[in-house]
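Please open the model in your viewer and keep the selection tool at hand. This tour goes from one selection to the next, and at each stop it says what can be found there.

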Amino acid sequence: MLPLFWLRVALCLYGVGLLCALASLWSGRKVLTRISLPAVGLGSVFHFVSIVENAMFSGTWAPSSMHGLESLLAFVLMMFFFLIYARFGATSPGLAVFPLVFWLTFSASSYAEPTEPSAPMFVSLQWIYIHVALILIGYSALFFSFIASILYLIQERNLKSKTGMSSFWSRLPALATIDEIGFKCLIWGFPFMTLGLIAGSILAEARFGTRYFADPKILLSGLMWVVYMVLLYTRWNAGWRGRRAAYLATFAFGAALLAWAANNFSQTHRFIAP
Amino acid sequence: MTFHLIGVNHMSAPLEVRERLAVSEAQLPDAIRRLVQQPGVDEGMVLSTCNRVEVLTSIRQGADLRSFLGSYFGVSPATLNSHIYEFEQREAVRHVFRVASSLDSMVVGESQILGQVKEAYAIARGLGAVHSALEALLSRAFAVAKRVRTETAIGSSSVSIASVAVQLAEKIFGSLENRTVYLVGAGKMAELAARHLIAHGARNIIVSNRTQARAEELAESFGGRAVPFAQMYETADHADIILTSTGATEPLFRREHGERLRKERRNRPVFFIDIAVPRNVDPDMNKLDGMFVYDVDDLQSVASDNAVERRKEAERAEKIIELEVDRFTLRMKSLAVVPTILSLQEYCETIRQAEVDRIRGRLGTITAEQEAAIEAMTRGIINKLLHTPITTLKSSTDHPEAATIHEMIRRLFNLNTGKPKE
């Protein structure tokens, strides 16, 4: 299938980018990022082509399977990475993002696409699409904020240990920059996540009524949203940074992971098997 | 044409000798003019900084720069000979590359020297003392210096306490733009460190000192404000960087002050630079989230780590330079045969033209086709004959006997006098 072909091309390029990023981590040379960034950049172009072709083939932008969703999330993560790179010139989040993107793309491309457009879904596809897009942006923002809080912790330890400028970690962005990345991601991600959840709830309400709200997926999503809000609040109000912020961010990320995984055991929120 | 470099630097000569050889900016044009008037000197430039005085020239045989230096500066040959170094060709090229890349500097990796070399070059060029050979060498040297800077981390780490403090502050706050610096104690060292921070963008300088007058004086020189010593803790709440240097025997900032600071500043980080001995900041403060404390020893150890790191990077830089020297000398050699090839072609063309004119006179009227045929035939013969010598010349640049081959061809065709023999 053509869409899968382009996705695999993208996967190869992501692989090259990931390897170069890891190699530069290992060797401590900057030179490799010159290969890594163009590779993943080109990869995301092909990735976009595959998403467009997939949409033309199935007649909707909304992903029709878990793998389509993985592909879309990988793409949104990549766009986030480039946005942050453009704004802050920081490449270090790539060390966490590239493996995840590679894994998601790998998973998405290693399964055969449904041979026919899947059965028409029960609610307006446009609404599903909006719900999915908003949530994915929210997830990506949360993920980047999580990475930033981990990087903050590492950089703080590094500065406190007084080991100087020669260690690998000293090449991380300045503490204030990492802090700003994390905070901006939280701030910008929150409305997307909230609106995405609201859109999802409206859809579910229309289809299942209140029964839907006892579903594990919705409960976990609700938990995630609450942690997200607490995270935002403590950061906004008390200026939490460093250790405590990292614990909270890890918790929020864990909740997001569970909510994502809940697709597999949810009764109502799942893709119709092809 | 030979590259030649003669000079002294901080390693070869003590300050007394460097002083006597130093050329002031006002003196420089005169020195350069006198230099290129020397017999055998084609091109020349003079680099004079506080750590080195070097004369770089492109010379023919017979140039004696050692005695030029001696007479120009009035230094005895004995003094000169014991402190001077002299390089030719490849060695001179390497030295110029190393100097421009700051590998020959007192503080390896410092970035000033490249600017100084560029300026010296611009002055010599402005006087018409630099043409093709030195131009090729210097523009390559600038490119090499850039390459060294981008491919190694030689210039990225600081080796003095004040610059380490700035570098650390930038690692914490990103840019120092609009950050507030609070000087507690107004000694010379504190002033120096503060100047470094200001040079990197720090604004809002606050000074407190036991003697209020000194605090006011210093604050004024920075365009900042002085605050009485008694208000130290309240003032500290507004500072991103706190530089302590008082003679207090007990720490001024202890853990409990840190807790308070953190609360007041809503967890925004604070960087303590403690250059006082005994220390003004309790080392325990460093254990609090968001508090970074560096004392003199910490700064010193970062500085010496950086120095070690620089040496490692310098080794990598030397490798790059070796490669670049190879490339450059090879290119110069292949450029050296170009005039020979041109005069060889010119020589043959002159003969051909003369012979064609002669035969035309004998033949009387000939048609345009016949004339074209004669042209084509004679040109063909010349090109075929010249093919081997020219390719040999071109490919011989890397040959150990390149100079012999080159000279042989010049002699065979009598190119040195420039006139074909009858």
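Begin in chain B by selecting helix α2, residues 28-37, which lies across β2 and β3 of chain B and runs at about 150° to β2(B). Keep in mind, as you look, that this is a predicted model.

In general, strands of a sheet pair through backbone hydrogen bonds, in either a parallel or an antiparallel way. Here, the four strands of chain B form an open sheet in the order β2-β3-β1-β4, and their pairing is antiparallel. Select β2 (41-48) and β4 (85-88) of chain B, which stand at the edges; each has a single partner strand, and therefore one side of each is left without a neighbour in the sheet. If you look at how the strands are set against one another, neighbouring strands of this sheet are turned by 15° on average, with direction ignored.

How many bridges join strand β1 of chain B to strand β3 of chain B? Select residues 2-9 for β1(B) and residues 52-59 for β3(B), and you have two antiparallel strands that are joined by eight bridges.

Move on to helix α14 of chain B, residues 338-363. At 1.5 Å a residue, its 26 residues should span 38 Å, and because its end C-alpha atoms are 37 Å apart, the model agrees with that expectation. This helix is hardly covered, since two of its 26 residues count as buried. Just after α14(B), select B:G364, which takes a positive phi of about 75°.

Finally, colour chain A, whose secondary structure comes to eight helices and zero strands. Of its 274 residues, 43% count as buried. Among contacts in chain A between residues at least 6 apart in sequence, 80% join residues at least 24 apart.

For the last stop, show both chains together: 16 residues of chain A are in contact with 21 residues of chain B. On the side of chain A that touches chain B, the elements giving two or more residues are α5 (125-161), α6 (175-208) and α8 (242-261) of chain A. The largest share, three residues, comes from α6(A). Coloured by residue type, this side of chain A divides into seven nonpolar, five polar and four charged residues.

Definitions and conventions:
Residues are numbered from 1 along each chain as its sequence is written. Chains are lettered from A and ligands numbered from 1 in the order in which they are written. This is a predicted model: local features need pLDDT of at least 70, side-chain atom pairs count only at pLDDT 80 or more; totals for chains, interfaces and linings use all residues. The expected span of a helix is 1.5 Å times one less than its number of residues. A residue is buried if 20 or more other C-beta atoms lie within 10 Å of its own, exposed if 12 or fewer, and partly exposed in between; C-beta atoms are placed from the backbone. Two residues are in contact if their C-beta atoms, placed from the backbone, lie within 7 Å. Ala, Val, Leu, Ile, Met, Phe, Trp, Tyr, Cys and Pro count as nonpolar, Asp, Glu, Lys and Arg as charged, and the others, Gly among them, as polar. Two strands pair if DSSP finds at least two bridges between them. Axes are lines fitted to C-alpha atoms, for helices over the stretch in contact, and angles run from 0 to 180 degrees between N-to-C directions.
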